[in-house]
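Me: I have a structure open on my screen and would like to talk it through with you. Shall we take it piece by piece?

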Amino acid sequence: MAEATHTEVHRHPAPTGFIRKYIFSIDHKVIGIQYILLALTAVVVGMIMSVLMRVNLSWPGTHIKILETLFPQGAPGGVMTPEFYLSLVTMHGTIMVFFVLTTAPQGGFGNYFLPIQIGADDMAFPTLNMLSFWVTFVGFIVILLAIFAEGNATIGGWFSKLGESFAGGSGTVGPIGGWTGYPPLSALGKIAGPGQGAGVNLWVISIAIFCVGSLLGALNFITTLLNMRTRGMTLMRMPLTCWAWFTTAILALLSFPVLLGGGILLLLDRIAGTSFFIPGGLYVSGSLVPLHNGGSPLLWQHLFWFFGHPEVYIAILPGMGATSHILSTFARKPVFGYRAMVFAIFAIGMLGFFVWGHHMFMSGMSPYSAVAFSVLTLSIGVPSAIKTFNWIGTLWGARIRFTTPMLFSIGFVSLFVAGGITGLVLGQSSLDFFFHDTYFVTAHFHLVMGVASIFGMFAATYFWFPKMFGRMMNEGIGKIHFWITFLGVYAIFVPFHAMGLLGMPRRYAQFTEYEFLKNSHSLVLFVTVAAIITVVAQVLFYFNFFWSIFKGVPAGENPWQATTLEWVIPSPPPHDNFAGIVPTVYHGPYEFSVPGAPNDFIMQTDGENIVAEHGGGNGGNGHRH
Amino acid sequence: MAATATGTDRAVKTGIGAGPRPRNGNGFHKNGGGHDTPFQFSPARYRIGIWMAIGSILMLFVALTSAYIVRSASSDDWHRIAMPKVLWLSTALLVVSSVTIELSRRSLKSHNESGYGLWLVNTVVLGIAFVVSQMFAWRQLVRQGAYLASNPYNSFFYLFTGAHGVHVLGGLVALGYLVIRTRGPRTSVDAELRRLGAADAVTIYWHFMDVLWIGLFMLLTFWK
């Protein structure tokens, strides 16, 4: 038995070779950082695309030298065609939603910190974990390939040899159907326009690959959380971050297969001649589409949005978890209403499965269904309000430590409220008739799903960086980064609401042609300037991130005086997290300012008797032991 | 979620404050309350994992089934084809393989290693026979001129049998792994627990493949 025990202590001996240690690592910490680096790369691509779009909207006809060099066909003379603009819209959305908002919050921080916070030595299935990252990485390579398969005549030529539906080199940087890829146009091939050949095929394949990677990850997260919690780590003693990652994993597990199914059907329509989504008698570009009959384009919308709505929560729930965690830490107060927070996050996740129809109010659905979807959608406001009030309750009367992660967490609350409140507007079918496909919608989802999630991730990065790399990020640069970004995103997205009210439609390459939008050009210009400033300010973040890895102030074990398990181990943590010891948990996760405690906080591993003579402490969730 | 309860009985009791006996000191730094027993493998892990995988595969087929139902009602070009008779053979093979894998699991539970290996090999053979039989069904359809794109019903037929077949192949790979693991030395308690857990999980998965196929077969036979 002694030998057996010995082998179990060193279950995964630390790898020594470079490839096993940093590339094909099965250590959840390395995989987490790989996911974060993937997101940091993908977000640059997405941001460059958004700047290009803004430039085209503000100064139509601008000559952009680099575009002329890279995409001589899609941007002749450096001036982008409307189709080129549309493909930018598509790829910006796809890359941001899948490879940034889904990878960093869950695959990145979840991977790194969920096992440590529940006191496990790794994920339940380490090899599967490695596989899910590399599958996701392949998905990213394929989506990048879509850019050049359509944008570059030579590379497009290679794909054209694969068959009719793979015809490439049309001069765009991918499909032109938006990240939702609605059929029938997305199902028809190159007859539907530039970018709809190889671009769509690679886009669908990339997303299908991404689905598989996410599913493997979700399975791993759920099993880890249910099976590997350490001694004393009851469900109600878990940090709220773990609850958020757990709920997110359930959403991913149940929603990604549906997108995968839809993707398979779409691909079959494109390359195998089936008619799942293509109706008969369809005229496109002046010619009749032959050989197809009876398909239902709406079927795709149902499948897509059944995934698409939970996906929104997959993006933002980890940010909510991180925010709850960080607010409590720097307010030096227990999270207000821990149990309510747990139930609210679960309620948001579960309700998310029943509201997909609110993306389809304009699809001709029955008004009765629309009312049902509308009521369910608005009911998400209840758990969302519970969370918001509890965040405010956590801050109420606190002696707040305004560190950079705290600023970003407060920013998250602000953006979540600002973006969420318009959800109550758009969730009503009668109002959505007016706002559908205008900049009002763009404003709503960018604030609540895009920017709020990203603020959650900024907060998480500044908060956990010392644990991940053993050094602090620079607070001064961090605060400048926060203020420019915080004011910048509001400067970008608040005017979007006004544009939406004016009736400005989404996805148009330029507005100068329209009489009724003539007066709003100054707004468009203002947004572009704000966007460029905000994007440039992210250089501060990247600099801070990479500079601090090498030159930051050494952090020590617990620089934030936080309570959860990751702060009892060295920074960065050893290979198997707890060096073979099983930590024992005696307390809830947010025991700050406990009367009678020697410090103002109690670590989860501190013995229970630490405040016993004072009649017990606050259990971190409002219950006395 | 019975799996949850079994999954956590190793170290964790549920309910507030139901941890181990409180002691002084710190539960990690060992200045009083720490434990230095090592991390142990809990056999429920594979069971939870496989149920999660089944949940997600089920969602894939739920999505495809709802597409089937919607599509069958949305056009007048929906033509049933004569179901190849060989599908009944496939079904029989898969049902019997479900029985054999259950026998192998029971053998393993009663420490009958040779019986375990034998029933496992039988299951692999039956599984391969199922896949071959499905391919015969495809060939028969192709000979009749019933291709993937000739009719929406055909499209779904190929899609369902294909998607199910891919998952069966995955199950066969896992079974092959179990067969390989029947040989070789048993070194550690941990590795042995893992082997038992894996056999358990593969059995559950294989039963799921069986039930899933029967469901799909019934859908294709009786629904419109």
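**Walking through the model**

Reply: Happy to! Q561(A) sits in the segment after α19 of chain A. Please keep in mind that this is a predicted model.

Me: What is the phi of Q561(A), and is the residue buried or exposed, or partly exposed?
Reply: Q561(A) is not a glycine, yet its phi is positive, at about 50°. Around it, 15 other C-beta atoms lie within 10 Å. Being buried takes 20 or more and being exposed 12 or fewer, so Q561(A) counts as partly exposed.

Me: And H111(B): where is it found, and is it buried or exposed?
Reply: H111(B) belongs to the loop between α3 (86–109) and α4 (113–143) of chain B. Its phi is positive too, near 60°, and it is a residue other than glycine. With 8 other C-beta atoms within 10 Å, where 12 or fewer is the cut-off, H111(B) is exposed.

Me: Which residue pair is joined by the cis peptide bond with omega of about 10°?
Reply: Look in the loop between α8 (153–160) and α9 (198–227) of chain A, where P184(A) is found. The cis bond there has omega of about 10° and joins P183(A) and P184(A).

Me: Where is the kink in α10(A)?
Reply: Helix α10 of chain A covers residues 240–271 and reaches 45 Å from its first C-alpha to its last, close to the expected 46 Å. Even so, α10(A) has a kink of about 25°. The kink comes shortly before the proline P257(A), at S255(A).

Me: Which helix gives the most to the side of domain 2 of chain A that touches domain 3 of chain A?
Reply: The domain assignment places domain 2 of chain A at 307–554 and domain 3 at 555–625. In the contact between them, 17 residues of domain 2 of chain A meet 17 residues of domain 3 of chain A. On the domain 2 side, α11 (297–331), α12 (338–351) and α17 (439–469) of chain A each supply at least two residues. With four residues, the helix that gives the most is α17(A).

How values were computed:
Residues numbered from 1 in each chain as written. Chains lettered and ligands numbered in written order. Predicted model: local features only at pLDDT ≥ 70, side-chain atom pairs only at ≥ 80, totals over all residues. Domains from an automatic or database assignment. Contact = placed C-beta atoms within 7 Å. Expected span 1.5 Å × (residues − 1). Bend = angle between axes of the 7 residues up to and from the residue.
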